[in-house]
Amino acid sequence: MSSPAELECKKLCVRRCLFAVTFGIAIQYLLLSIFLLLVNFSLLHPIQWVTETFSLVFSVYTWLKITPLISALVLYGIFLGNSFLAVPKYYPSRFAWLCGTFLKKWVSFVLHALLGFLTAWLYAGFLSEEYNVLLRECYEGYCLNERYIFLALGGVYAGLYYFSKERFTGEPEIVFPVIQECKYVKIRSQIYSVIYMSLMKSFVPVMCFVLVYWVASWTVTSRVAAVFDAEPDESFSSLTSIMLSFRLLLYTWILASQILCNMYLLYICFIIVLTTEEHFLIEKGPALNRQEGVTIVEALSLSKVPIAQHLASLDLFNLATSKSSERRQQIFSLSVPGGHPYNWNQLSGQVLSMIDAFTDELTQSRKTAPIQSAYFQKKLPGPMPPATLEAERILIRQYNESFGIRNMMGSPPCRSPPPSCNMTSPAMNPCDRVNDTVEHIGQVINDACRSAFYNIPGFYYLFGEQEGAKTTFILARSQDIIWLTQALAGLCAASLTEDRFGVVQKELPVIIKSFLRLKAELDQICNMNLNGKKLDRNCIALRNAVKRSLYKICTVFGDYIGDLIADMDELRRVQCYVKYLET
Amino acid sequence: MESPRGCTDFPTPESPIVTENGRLCSVPVREVTGNAYILEFYPEINISREMFHGSSLKSMDDRRSLMIPVNEPLIKRITRTFFEEGLMEALEEAASPQSSSISPVTSSVAKYALRLLVLLRKLRRTVHPHLREEGIESIAKYSETRDWQKSYIRCIRWHPNCFKIAVASCDDSIRVYTDEPTVVPILKSGTQKCITSMAWRPYSAAELAVGCQVGVLLWSMDPNLHITRPLSQANLLKHPNFNPVTSVEWSPDGCLLATSSINDTDILIWDVDRCRNVPLKRVGLPCSFLKWSPDGVRMFSSTVGNVFRVWATDKWVPERWTIAKGSIQSAAWSPCGSFLLFVTTEEPILYRLQFVEEQIFTSSSLSKQALPIADLSKIEVGVRTVGGMPQSIAWDPNGQYLAIIFKDSPNVVVFATSIHKHQFSISPSCFITGIGVEFPSYICFQSKNRKNSDSVLTIGWSSGRAQYFPFANM
């Protein structure tokens, strides 16, 4: 059962999604107006052109005709909102991804095609008779209107083009903007660029569609004609005839760009709306005078509503770095009655647990060798010592040999113990020894089978897990940790002047320790080859954020750092930050 | 009372002049020669002795004077000119009388093409009037560095958190000095041309953003490596049509980098770690330079015209301000972020803007005014000329001293300032002169940090010498 905080956060998300869908519907009218202005352009009667277009847009006919498209758009909005709010899942292999997302992708495919078709159907209705009917009267009955079919298929094609380009491989992902501008400023600035970009982006796909249509037109038109018992149209049987119908091509281009624009804008609007800042409570107050709402700690603990976690992290970051100390004072205050630093303890505990859990997850992902690396490790002779070390070893051996010095230390300890020199106790039970041997043989057979399996062409591509894929997946969702580390550092830095009761002081060593552990882990990961990439921007961003946080704490508490940290190793590492020597 | 360390005849601040009553503070008349003060541990900097070669901006004529002219076929000459100097020059070469005598057809075709290009350029300038001054000259015009084009020292920046100074010189290299003067790392790159501005990233050991002709270069140095050249190359942050970058400024928490270019109306805000940027779009003139307030709440941006903006960084909403004529030459924030001082290109007046968040009983019309607070007009003090049209201003991180350099007088003027509970006062203090005919090219104050709480003015002189001028509480 959902907690009240979870319900409250879900309500917030639904409200925001509703706003995005409403905006999407408004966009339909805007795009339709642009389309009508373009297609009804009249140089000689400009006033008539504008008035007629807008009277058409606001007519009952248009409102009725646009209803199916808006219904499809609402469905699409629900689907998109659901994808945005879902907890991201990790799929280790392509096959797992295919199985896990098949249904969702299929629904998405259908929705995109439907939206494309309905847009084309709506827009074609506003064109001249040549383009707005499927069947037209001809010699002895009805003939198919190929122009209409061309436009309708063009719409479906544009919808599917967007699907294949943007939505097929990647899941909808919330990327927070670099800076928080006003919602309407962001939407306004995006509208211009998206309309322009869609016009540019749709030109080549429309040309490709012409080619595809030319190849497949006969099959399509004959089947549609059979369904409607009409004569197939052969006016577009040659490529030249299609290319020469400029007006049709122009309409298709504008239509395709409108469909792309529509989908991009809806997606952008969802992101803008969902990433708008939200102010959470610090505390709800005493039982008698309890405030309604969700606290930052509650929102941070909602792992099933990731957007709430993101917004709470952002809010905490903003309050920690803000000039106004009003909300920070609430964090540093003591509870009444009781006089305990309840707010700070709750907050620091929650944030530290999230950071530590993230670090553990990263360590786990780094240590868990993917299947293929076990296979490749068999091929490699093991870690090679550096050439300089090897050369030094040879030199020492030659020197010893030439001077007759024997090595009394025996053979050096092996770098990686071979399976034969297992650390088995001499008094091992024969039964255990047999079990061990059987287990070892089983392992060898298992590895051999896996190697053989992955050697079959295409199998590794489908079933294998990329090296560092899990780590990359975790790092891609590190924005919360970036904000939380900096927020905690900001609160610690502010505590020197604002924390009257010294509530932060107790937690400082734990915070520094947690940050140092995360930094050490990230140092190792940033040197790894993640998912075939040498540089992972998320890793760099997180590492720099943790570094900045440590620098901030050490800059403020530089003079007292020796009193705060007892562990010598930690103190040595922290001193590098105090002296600004850590990179 | 405050005075420079070791200076016995340092003038007492003259009677503080209240600006609201209409009387302006004038330039100080007491001279101080600060050359005698040598600060321990501060590195000695003299760029003229360390330069690799001359300025990259030296004209092609210098190189030509070294070559002996040879007779080349016309096609070869045009092709060479095209690759060496560009299309316009190649066309001019082809249209020259010398070429017309060899090939009249080529010459006349080139003449028409040249006319067409000139016409197109004129048309472009009509549509975008701000692009009238292109290239290096326009950088120099809007730079806070005096005689930017020829100055040995183009920019000096202190690290906000530790003892580290970056000095950009006209040989397109940056030298990084620390309090251990054994090794001076030199940052040099093929893409690093015409350095206009620099900024150390706060809360990082050694990350330096450099604004130059092609974009922003981001250097990351390892402070533990004592070598002259850094191991890694700089990362280049580029954006279409966003060059030359004339100003780079980090947010005080080191998260965001703001950049401006005199060829673009947008200001770009970068998330450097992820290489993402977002433009702050405003219709109008291109932005010339930026200043982030020390508390991070506001950002000042000036345009190449008479408009400047102050952005509130919580929602990035700007306040638009206009000045009567000219453009903003230089500006400086007070340490508390409540006051902004600025000077314009057309008047020898120092202006003040106040940003107080919770002002009670204040009429809105009063708070929306920039008050003139000091008259910087040129005066004669003995044989010295003090004041004039201001070039750059710098305010010390303690809020006690304000230094100003001028376009046409060879000294640094220092005012004493104080801020008490939204009250600002300014009084003339002294002026600093250099050695011989040298004049100040660039000024800045050392950052206030854990190890340093003094006010140390750093002056980059035209001779390539950097001077530290300490102020200390007495």
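Predicted model: local features only at pLDDT ≥ 70, side-chain atom pairs only at ≥ 80, totals over all residues.
Q: What span should the 36 residues of α1(A) have, and what do the end C-alpha atoms give?
A: At 1.5 Å a residue, α1(A) should span 52 Å, and its end C-alpha atoms are 52 Å apart, so the two agree.

Q: Let's zoom out. How is chain A divided into domains?
A: Domain 1 of chain A is 4–274, and domain 2 is 287–370 + 469–578. Their C-alpha centres lie 44 Å apart.

Q: How many residues of each domain of chain A are in contact with the other?
A: On the domain 1 side it's 14 residues, and they meet 16 residues of domain 2. Helix α1 (residues 4–39) of chain A gives the largest share of the domain 1 side, with six residues.

Q: What classes of residue make up that side of domain 1 of chain A?
A: The side touching domain 2 has eleven nonpolar residues, three charged ones and no polar ones.

Q: What's chain A made of, in helices and strands?
A: Chain A has 23 helices and two strands. Of its 583 residues, 33% count as buried. If you take the contacts in chain A with a separation of 6 or more, residues 24 or more positions apart account for 78% of them.

Q: Where does UniProt place "transmembrane region" in chain A?
A: The UniProt record, an unreviewed entry, puts that feature at residues 17–43, 63–85, 106–127, 147–164, 194–216 and 263–282 of chain A.

Q: How much helix is there over 63–85 of chain A?
A: Residues 63–85 of chain A are 100% helix and 0% strand, with the end C-alpha atoms 31 Å apart. As for residues 106–127 of chain A, that span is 86% helix and 0% strand, and its end C-alpha atoms lie 32 Å apart.

Q: Is β15(B) mostly covered or in the open?
A: Mostly covered, with four of its five residues buried.

Q: Which strands does β15(B) pair with?
A: One partner is strand β14 (residues 257–261) of chain B, antiparallel over three bridges. There, B:L257 has B:W270 as its bridge partner. β15(B) is also joined to β16(B) by five bridges, again running antiparallel, and B:D271 stands opposite B:R276.

Q: How many residues sit between the strands in those hairpins?
A: The hairpin of β14(B) and β15(B) has five residues between the strands. The one formed by β15(B) and β16(B) has four, and in it B:C275 takes a positive phi near 55 degrees.

Q: What about the sheet with β2 of chain B?
A: That's an open, mixed sheet of five strands in the order β2-β24-β23-β22-β21. β2 (25–26) and β21 (328–333) stand at the edges with a single partner strand each, so one side of each has no neighbour in the sheet.

Q: Last one: where is A:Y580, and why does it count as buried?
A: A:Y580 is in the segment after α23 (568–578) of chain A. It counts as buried because it has 25 C-beta neighbours inside 10 Å. Leaving aside its neighbours within four places in sequence, A:Y580 is in contact with B:N161, B:C162, B:A205 and B:P223.

Conventions. Residues numbered from 1 in each chain as written. Chains lettered and ligands numbered in written order. Domains from an automatic or database assignment. Contact = placed C-beta atoms within 7 Å. Nonpolar A, V, L, I, M, F, W, Y, C, P; charged D, E, K, R; others polar. UniProt positions renumbered as here; feature names shortened; annotations may be inferred. Buried ≥ 20, exposed ≤ 12 C-beta atoms within 10 Å, placed from the backbone. Pairing = 2+ DSSP bridges. Expected span 1.5 Å × (residues − 1).
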